[in-house]
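Here is a short note to read beside the model. The points run from one chain to the other, then to the place where they touch.

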Amino acid sequence: MAVIRDVMPAFELLQPTSTAEAQTALQQHGADGWVLAGGLDSFDWLKDRIKKPKAVIDLSGVEELKGIRETSEGLEIGAMTTLTEVAQHPLVKEKYGVLAQAAALVASPQIRNQGTIGGNVSQDTRCWYYRAGWPCYRAGGNICYADTPVGRNREHAILGADRCVAVNPSDTAPALIALDAKFVVRTRKGESAVDAEDYFVGPEVDITRLTMLQPGDLLTAIRIPSTWADATFYFEKVRDRNVWDFPLLNVASAIKLSGDTIEQARLSVNAAAARPLRLKRVEDAIRGQQRNAQTGEMAGKLAVEGAVPLTFNAYKIPLMRNLVKRSITGVQEVAWAS
Amino acid sequence: MGILEWATSPWGQRVPIHIAWFLIWVSLIAGLVFLVVHAIYVRYFAKAKKFAGTIPPELNDRLPERIARHSLTARLFHWVMAAAMFVLLFTAFLPKVGVQFDWVTYHWIAGIVLTASVIFHIVHASFFLDFWSIWPDKVDLQDSWKRVQRFFGRAASLPRRSGKYPLDNKLYHGVIILCGFAVILTGIFMMFRVRTGIFPRNPYLFGDMTWGLMYVLHGLAGVGLIALVVVHVYFAIRPEKLPITYSMIFGTMKRDFYLHEHDPERWVVSPNPPSRESRGLADAD
């Protein structure tokens, strides 16, 4: 593919100042419209001339999509709130620390200053075959170049692969799933709040999208219920370098303890599949168990059941097993046990 | 707007990747238009059927009241194939028109059911049924020419009654064979592109162009089947065809219908009343 950087294709730039205006613009342009949040995913696509929308709807002027508000039910974060704000907000840090940790580990400070939480959860996959404009399944074609005998698939999926083996690269998504967040989505039919895990779709359902958003739809806010406030949290991200990198895998957990007994738990991993995975079976298995290395070991093994490695990513299976184990027991406990 | 979607392969080759999905609507609309036009023609313009020759009255007494037409085995094949076909069509095209669900596994499993049932049918029809009864013969061609001449008001003798299957039935069967073989053969190869546990995945089995053409052929035959199924269901529920549909469910048709529509010399029926066993074996098949 010829890559022509820095010369974006011409498009109509629309800069709405309200959600209603933004939604009207999006619905007017449908599949020809492109939502611009922080621009960190978008400008790659546009400058590489892989995506050529006719209209770009820039949400940076929509004030009502920004900011973090405490509500009677918990917290509401506007989709255009920057990751830095999320990571540094006192209430997020105090009560929903797993999200603050996740946001703080996204990319680099500059990117967190510009990138938004809505953009982070809605960004496209980083599979380079797809991003280079090759006609793969995700681009509407009939092949996955990464899932071939010589395909470079070190960063790709070990679970949930269905023709396409790309993974979701979001760091905040698993944290939001662990917090049982609701994503507020505006569609032509109206506004609805969907469970965080249902916001994401796998290739078996729609191979060309990572989220439920259809052309014309808009993610406006993320609501975090107070149910999991002050729980015991864990977030860990493994990446090739310690800054400015996407996850090879990440894990988020929220656990409610009674003494050493796990009363309730929510766990999620990302970069293992095309959608962040909520580990429901693991949650069920550890409920009522002691929070110790044995439970962590069992959880880790359960989490990777059914995992299918590609040519170059078998390391992800023990990595995920250990991350899940640590998300339950914490790093110290694992260190003592090993 | 082309009927094919094209892409540039990593080697710079322009290759087809699949059909344009608007063809789904084209096929569906074509099927619906056909049935509307046909229904109007039959209701307002078609003349009553007339056939050459008369049926000897004694035949009426010699034949059983119900004529065995399809054996239980043949009927089971038909309905298994029909179920597989509907699953294949819905799983193939609903996601393309916006109904999103996990379709791939259901699709290839239904494809295997269809393939197995077709293989069974080929063996069954070749060795246990009257294989040639479904293929157009010389009389069919002569009679269809007479019908064309009479349709345009030219002098021609009356056509004969049909054998077990009328010519339109035979032609439909022929088109279904073409489309069916196209989707089955391409579908089997396409299973090498997905994880099925049956074939080892091998996306390099063919080059990009061959794969592309395979997807195109699969798609074209698939959308063709939409129209063909619409037409088939339409004829199955038309009042004058209901005895045939009934025979595909219960295995038999009324003697009166048989004598009115079919030529006893071309579809020879045993004069003995069909017992349970013979109905099951369906010698007339």
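**Notes on the predicted model**

1. In chain B, residues 24 or more positions apart account for 74% of the contacts with a separation of 6 or more. Keep in mind that this is a predicted model. Buried residues make up 24% of the 285 residues in chain B.

2. Overall layout of chain B. The chain has 10 helices and 4 strands. Along the sequence, they follow the pattern β-β-α-α-β-α-α-α-α-α-α-β-α-α. The C-alpha trace of chain B spans about 75 × 45 × 35 Å along its principal axes.

3. Helix 3 against helix 4 in chain B. Two packed helices are described by the angle between their axes and the distance between the axes. For helix 3 (residues 72-93) and helix 4 of chain B, the axes come within 9 Å and cross at roughly 150°. With an angle over 145 degrees counting as roughly antiparallel, helix 3 of chain B is therefore roughly antiparallel to helix 4 of chain B. The crossing of helix 3 of chain B with helix 4 of chain B is left-handed.

4. What lines that contact? The helix 3 side includes F77(B), V80(B), M81(B) and L88(B), and the helix 4 side includes Y106(B), V113(B), L114(B) and F120(B). By class, the contact of helix 3 with helix 4 of chain B has 14 nonpolar, 7 polar and no charged residues.

5. Helix 4 against helix 6 in chain B. The axes of helix 4 (residues 104-127) and helix 6 (residues 167-190) of chain B come within 10 Å, crossing at roughly 125°. That angle makes helix 4 of chain B oblique to helix 6 of chain B. Helix 4 of chain B passes helix 6 of chain B in a left-handed crossing.

6. Residues in that second contact. From helix 4 of chain B come G111(B), L114(B), T115(B) and V118(B); they meet G180(B), I184(B), G187(B) and I188(B) in helix 6 of chain B. The contact of helix 4 with helix 6 of chain B divides into 4 nonpolar, 4 polar and no charged residues.

7. Strand 5 of chain A. Is this strand enclosed or open? 4 of the 5 residues of strand 5 (residues 74-78) of chain A are buried, so the strand is largely enclosed by the rest of the structure. Strand 4 (residues 68-71) of chain A pairs with strand 5 of chain A in the antiparallel sense over 4 bridges. These two strands of chain A form a hairpin with 2 residues between them. Strand 5 of chain A also runs antiparallel to strand 8 (residues 218-225) of chain A, joined by 5 bridges.

8. R69(A) stands opposite E76(A) in strand 5 of chain A. In strand 8 of chain A, the bridge partner of E76(A) is R223(A).

9. A further sheet in chain A. This open sheet of 4 strands has the order 9-10-11-12, with antiparallel pairing. Strand 9 (232-238) and strand 12 (277-278) of chain A stand at the edges with a single partner strand each, so one side of each is left without a neighbour in the sheet. Strand 9 of chain A is joined to strand 10 (residues 249-258) of chain A by 7 bridges. T232(A) stands opposite I255(A) in strand 10 of chain A. Helix 5 (residues 97-104) of chain A packs on the sheet, touching strand 9 and strand 10 of chain A.

10. Contact between the chains. It takes 12 residues from chain A and 17 residues from chain B. The chain A side divides into 4 nonpolar, 4 polar and 4 charged.

Technical notes:
Residues are numbered from 1 along each chain as its sequence is written. Chains are lettered from A and ligands numbered from 1 in the order in which they are written. This is a predicted model: local features need pLDDT of at least 70, side-chain atom pairs count only at pLDDT 80 or more; totals for chains, interfaces and linings use all residues. Two residues are in contact if their C-beta atoms, placed from the backbone, lie within 7 Å. Ala, Val, Leu, Ile, Met, Phe, Trp, Tyr, Cys and Pro count as nonpolar, Asp, Glu, Lys and Arg as charged, and the others, Gly among them, as polar. Axes are lines fitted to C-alpha atoms, for helices over the stretch in contact, and angles run from 0 to 180 degrees between N-to-C directions. Angles under 35 degrees count as roughly parallel, over 145 as roughly antiparallel, 65 to 115 as roughly perpendicular and the rest as oblique. A crossing is left-handed if the near helix is turned anticlockwise from the far one by less than a right angle, and right-handed if clockwise. A residue is buried if 20 or more other C-beta atoms lie within 10 Å of its own, exposed if 12 or fewer, and partly exposed in between; C-beta atoms are placed from the backbone. Two strands pair if DSSP finds at least two bridges between them.
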